[in-house]
Amino acid sequence: DFYFVFSPYRQVSQRETSFIEKMKKTVRKQDSVKEVLHVCGQGKNIIVFYGSQTGTAEEFANRLSKDAQRYGMKGMAADPEEYTMGELARMSEIKNSLAIFCMATYGEGDPTDNAQDFYDWLQENDDEDLSGLNYTVFALGNKTYEHYNAMGKYVDKRLEELGAKRIFDLGLGDDDSNLEEDFVSWREQFWPAVCEHFGVEASADELSIRQYELKLHNDVNMNKVFTGEIGRLKSFEVQKPPFDAKNPFLAPVTVNRRLNKAGDRHLMHLELDITGSKLRYESGDHVAVFPTNDSALVNRLGEILGVDLDVVISLNNLDEESNKKHPFPCPTTYRTALTHYLDITNPPRTNVLYELAQYASEPKDQENMRKMASSSPEGKALYQTWVLDSCRNILAILEDMPSLKPPVDHLCELLPRLQARYYSIASSSKVHPNSIHICAVVVEYSTKTGRVNKGVATNWLKNKLVNGHKSTVPMFIRKSQFRLPFKATNPVIMIGPGTGIAPFMGFIQERGWLKEQGKEVGETVLYFGCRHKNEDYIYQEELEDAEKSGVLTQLNVAFSRDQDHKVYVQHLLKKNKEHVWKLIHTDNAHLYVCGDARNMAKDVQTALYEIAEELEGMTRTQATDYIKKLMTKGRYSQDVWS
């Protein structure tokens with residue numbers, strides 16, 4: 001995620017305006033550019049560019065641009081995909097300018113989709129002279145992943161190599177512990193440094209600042225009202241390709257079945273029909289779906305706030321020059337906004353609590369809400385226990401703090417957007433060109449406050465009845481690097497316990513199809529794991545059939561709880577170490593790991609280090625290097641989540 005900062009309290013010079021115009025003119029997507037950089041000509045000081053995959057970076061960017069206002073500057077957030085970053089060097093022509101880059105890392109150390117072009121530009125332009133450019137970077141990542149914050153670290157280092165001057169230290173946000181806390185701590189030191197750099201008084205106005213104003217539509221034509229569409233009005237009624245994140249395809253659900261025979265969890269297999277969509281996918285790609293919130297939660301929110309959820313409203317940006325006219329598609333109803341557009345189930349971030357504090361009639365409640373948004377140890381601890389550890393969403397907070405009665409429009413302005421959810425595709429397009437398979441486990445758990453929290457997407461998918469009312473799923477495809485070897489003769493070792501088996505169902509189908517085509521196919525080895533053979537051995541029939549027909553040359557299943565001691569996939573790898581090592585070291589096998597990043601992926605990697613040490617006499621350092629080389633050569637791929 002990235003931001004530019006233009007200096008405060010100055011008339012905008014001709015030079016700046018020409019820089020802005022230049023940046024606009026070199027844009028590829030002329031039609032999608034909302035004249036954002038034009039606003040610098042309107043006296044904006046700070047532009048916050050965000051590179052975001054799941055919306056968090058965009059949230060942080062919005063908060064920083066709002067902060068700028070508190071410090072008497074003018075800011076706005078903007079999507080970098082819509083501009084040519086090649087004009088960065090010209091910022092040095094502007095007196096007192098500063099660029100902030102807020103970069104999220106996605107997948108295996110990759111840039112987010114909307115930062116890809118910028119990343120490519122940084123890599124390709126060795127002769128770019130960025131001397132005179134002042135910058136700082138805040139990175140968003142997760143420590144459980146191999147390439148922790150790779151993107152932010154790369155941008156920070158690369159800008160310096162190209163001659164730019166770092167004016168504030170790289171911030172590292174870790175979503176595995178507390179990303180919010182990392183951001184708040186960084187931001188608290190960042191602003192005084194910026195103010196000092198600009199020679200501006202470093203005192204923030206503590207008032208709540210509204211970004212949008214409410215407009216009620218009393219006599220609106222209902223054909224002009226958004227009812228859940230992501231992009232174009234009526235795009236769900238009249239579907240037009242190409243289909244992507246801004247224009248999802250409504251895929252009918254043709255199969256929805258429970259996979260596990262017993263146990264208290266619900267593992268499910270769904271099939272989405274993409275006939276006529278012109279969508280293409282490869283085994284290993286991800287399908288993204290746009291879920292909706294549970295209507296019971298939405299109704300309860302309406303009840304507790306005492307509002308009619310069916311009034312038609314618009315939230316209009318008070319900054320008329322901003323490219324972001326509304327926080328979500330408008331006009332719409334509160335019901336649609338809370339159902340389709342807003343995240344009402346995740347614990348709210350501290351800025352939401354801070355802004356809502358003014359609406360608590362009890363002074364103690366106000367004090368606690370502001371305290372939780374501060375960086376005092378006491379405040380951080382309260383936020384950690386009362387909000388995060390207790391898994392309190394906005395509804396739980398309103399229920400447990402009866403004096404808090406915010407206006408619904410301000411709440412809707414502050415809540416983050418509901419994001420698409422990504423699933424590894426569990427089918428091969430060679431076998432199922434018009435169908436995409438999903439394998440997922442329904443998320444449901446009890447919280448410390450005695451409530452039952454349900455995963456938004458998995459519970460919504462679970463309730464998609466075949467041929468039922470509204471049994472379509474808005475979706476698009478995201479390409480991945482998780483690919484079968486180009487040469488079918490290369491052996492493959494697939495390691496995927498639980499729903500981590502998803503992409504391997506596609507791989508197995510594809511290897512079977514290649515065999516049917518008369519191709520010579522290398523060894524195909526699977527390591528799968530579940531709790532109990534008689535409960536959650538999912539796809540058992542398909543896997544045993546694949547083994548019988550020789551498509552799977554080896555099927556290894558770890559049943560973790562069917563004996564006194566736990567047995568996991570890494571134990572089976574160690575048990576078969578000679579075979580595993582021969583495939584990797586001698587036969588040029590490709591390794592694939594899919595599933596839990598926090599424990600499983602790490603344990604598998606450790607098992608491979610140990611095999612290399614035991615069979616090849618390597619030291620741990622040599623073994624680590626050996627596995628790293630496999631990764632860089634594209635022979636060790638991971639599709640993991642935490």
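Predicted model: local features only at pLDDT ≥ 70, side-chain atom pairs only at ≥ 80, totals over all residues.
Residues 1-22 fall below 50 in pLDDT, and so do residues 24-43.

Two housekeeping sentences. Residues are numbered from 1 along each chain as its sequence is written, and side-chain values use heavy atoms, with hydrogens and water left out. Local features need pLDDT of at least 70 and side-chain atom pairs count only at pLDDT 80 or more, while totals for chains, interfaces and linings use all residues.

Now to the sheet. Six strands form an open sheet in the order β15-β12-β19-β10-β11-β16, with antiparallel pairing; strands here are DSSP E runs of at least two residues, numbered from the N terminus, and two strands pair if DSSP finds at least two bridges between them. The edge strands, each pairing on one side only, are β15 (421-424) and β16 (435-441). Between β12 and β15 there are four bridges.

Let's zoom in on H286, which sits in strand β12 (residues 286-289). Its bridge partner in β15 is S424. Is H286 buried or exposed? H286 counts as buried because its relative accessibility is 13%, and buried means under 20% relative accessible area with a 1.4 Å probe, protein chains only.

Finally, the H286 side chain makes a polar contact with the side chain of D639 at 3.2 Å. For that term, we need a pair of N or O atoms within 3.5 Å; within protein, one must be able to donate a hydrogen and the other to accept it, and residues adjacent in sequence count only if both atoms are side-chain atoms.

Key: Buried < 20%, exposed > 50% of the residue type's maximum accessible area, 1.4 Å probe, protein only. pLDDT = per-residue confidence, 0-100. Contact = heavy atoms within 4.5 Å.
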